[in-house]
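Colleague: Could you walk me through reading a fold, one feature at a time?

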Amino acid sequence: MIGGLGASPDHGACSRAQCREPATWRIDWRNPRIHTGDRGKTWLACDEHVDYLRGFLEARSFPVAVAAFADIDGSRPDAADGDDE
């Protein structure tokens with residue numbers, strides 16, 4: 001996993017445990033209990049694991065935004081999404 005905290009990763013492998021495939025997706029998320037609206041984390045995912053990682057986070061009601069890894073724009077999910085824990 002990559003701890004984003006505002007940093008944009010520019011390369012990497014999938015964040016799924018034991019997966020070494022190249023990342024094709026960027027998953028920006030935050031835990032509202034510990035991250036303010038301007039802080040969050042970024043995980044990277046391959047095509048096989050993007051749905052698993054997104055589902056893992058959404059099951060915890062974390063705000064999540066998924067974009068193609070090549071489309072990095074620095075955006076982060078915020079509290080306005082209405083997805084509070």
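Colleague: In what order do the elements run from the N terminus on?

Modeller: Helices (H or I, at least four residues) and strands (E, at least two) are DSSP runs, numbered from the N terminus. Here the order is β-β-α-β, so the totals are 1 helix and 3 strands. Mind that this is a predicted model: local features need pLDDT of at least 70, side-chain atom pairs count only at pLDDT 80 or more, and totals for chains, interfaces and linings use all residues. Residues are numbered from 1 along each chain as its sequence is written, and side-chain values use heavy atoms, with hydrogens and water left out.

Colleague: Which strands form the sheet, and in what order?

Modeller: Two strands pair if DSSP finds at least two bridges between them. This open sheet has the order β2-β1-β3 with antiparallel pairing. β2 (41–45) and β3 (64–68) are at the edges with a single partner strand each, so one side of each lacks a neighbour in the sheet. Between β1 (residues 25–29) and β3 there are 5 bridges, and I27 sits opposite V66 in β3.

Colleague: Which residues of helix α1 are buried?

Modeller: Start with the general idea: an α-helix has 3.6 residues a turn, so residues three or four places apart point the same way. Buried means under 20% relative accessible area (1.4 Å probe, protein chains only). In α1 (residues 50–58), V50, L53 and L57 are buried. Down the axis of α1 they fall within an arc of 75 degrees, taken from the directions from the helix axis to the C-beta atoms, so they line one face.

Colleague: What covers the buried residues of α1?

Modeller: The cover includes β1, β2 and β3, with contact meaning heavy atoms within 4.5 Å.

Methods:
Buried < 20%, exposed > 50% of the residue type's maximum accessible area, 1.4 Å probe, protein only.
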